[in-house]
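Please report on how this protein is put together.

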Amino acid sequence: MAKGSDRTSPMIVSVAELLRRPGSHRAISLQVDLDDLTTSDAAVHGPVHLQLHLESGISGLEVSGSLAAGWRGSCRRCLEPIEQKVEQELREMYSSAPTDEDTYPIQDGELDLTPMVRDCLVLALPIAPLCSEECAGPAPDAYPMNQPETPAEERPKDPRWAALDALRTGQ
């Protein structure tokens, strides 16, 4: 467990019995609040629902299942608020002696599901949310996205490039 972790948390699961009998399994259904979990443009809102299956093996425990949560954010084009749901399948390994970063630790016969759930949620939340694929942005008439290209000879010259223009024309 991480220092200061709350042993009464529903995210701390005792697995000592499973570890004693390889091949045994257990189903877990949890609902937890992780409202403090945010990315740059999205934040978890409301409870996170977990449906997990724990299966004991020789090298540790495999945790598989799904999670579902609501999230809030702002559309990257029109900046209107968005509230949607995310669902994510997961399959992770826990071990008493983790050898790599992809394996979560089992400590004192207990799993702390919090890091795994947080990792899966961060990966599932949108990086740049959109309210819809058809969103044209704020006031599409005032800020059109597809403006015709002005030919180079019609664009006003930037005076900062005058010295280079003189070199190019040989003046």
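## Cover over helix H2

Strand S3 (42-56), strand S4 (61-74), strand S5 (81-95) and strand S6 (103-107) are among the elements that cover the buried residues of H2. Contact here means heavy atoms within 4.5 Å. Helices (H or I, at least four residues) and strands (E, at least two) are DSSP runs, numbered from the N terminus. This is a predicted model: local features need pLDDT of at least 70, side-chain atom pairs count only at pLDDT 80 or more, and totals for chains, interfaces and linings use all residues. Residues are numbered from 1 along each chain as its sequence is written, and side-chain values use heavy atoms, with hydrogens and water left out.

Helix H2 spans residues 114-124, and its buried residues are Met116, Val117, Cys120, Leu121 and Ala124. They lie on the same side of H2, because they cover an arc of only 125° around the axis. That arc is taken from the directions from the helix axis to the C-beta atoms. Buried means under 20% relative accessible area, exposed over 50%, and partly exposed in between (1.4 Å probe, protein chains only).

## The nonpolar core

The largest nonpolar core has 38 residues. Such a core is a set of buried Ala, Val, Leu, Ile, Met, Phe, Trp, Tyr and Cys residues joined through side-chain atoms within 4.5 Å. Val48, Leu113, Met116, Val117 and Leu121 have the most contacts inside this core. Strand S2 (25-33), S3, S4, S5, S6 and H2 each give two or more residues to it. S3 gives the most, with six residues.

Leu121 belongs to the buried set of H2. Not counting residues up to four places away in sequence, Leu121 touches Leu34, Leu37, Val44, Val48, Leu67, Ala69 and Val86.

## Overall make-up

The protein has three helices and seven strands. Their order from the N terminus is β-α-β-β-β-β-β-β-α-α. Of the 171 residues, 32% count as buried.

Among contacts with a separation of 6 or more, 58% join residues 24 or more positions apart. The protein exposes about 11,500 Å², of which carbon and sulfur atoms supply 51%. Accessible areas come from the Shrake-Rupley method with a 1.4 Å probe; for residues, only the protein chains shown count as cover.

## Strand pairing

Two strands pair if DSSP finds at least two bridges between them. S2 and S3 pair in the antiparallel sense over nine bridges. Here Val32 has Val48 of S3 as its bridge partner. Val48 is also one of the core residues with the most contacts.

S3 and S4 are antiparallel too, over 13 bridges. Leu54 is bridged to Val63 in S4, and His49 stands opposite Ala68 in S4. S4 and S5 pair in the antiparallel sense over 14 bridges. Ser74 stands opposite Pro81 in S5. In a regular strand the side chains alternate between the two faces of the sheet.

## Turns and positive phi

Most residues other than glycine have a negative phi. Where does positive phi occur in the hairpin of S3 and S4? Gly60, in the turn, has a positive phi of about 150°. Four residues lie between these two strands.

The hairpin of S4 and S5 has six residues between its strands. Leu79 lies in that loop and has a positive phi of about 65°, although it is not a glycine. Leu79 counts as exposed, at 61% relative accessibility. Asp108 is not a glycine either, and has a positive phi of about 55°. Asp108 sits in the loop between S6 and strand S7 (110-112). Its relative accessibility is 65%, so Asp108 counts as exposed.

## Ser56 in strand S3

Is Ser56 buried or exposed? Ser56 is buried, with a relative accessible area of 4%. Ser56 is found in S3. The Ser56 side chain reaches the backbone oxygen of Leu18 at 2.7 Å. A polar contact is a pair of N or O atoms within 3.5 Å; within protein, one must be able to donate a hydrogen and the other to accept it, and residues adjacent in sequence count only if both atoms are side-chain atoms.

Leaving aside neighbours within four places in sequence, Ser56 is in contact with Leu18, Leu19, Arg21, Pro22, Gly23, Ser24 and Leu61.
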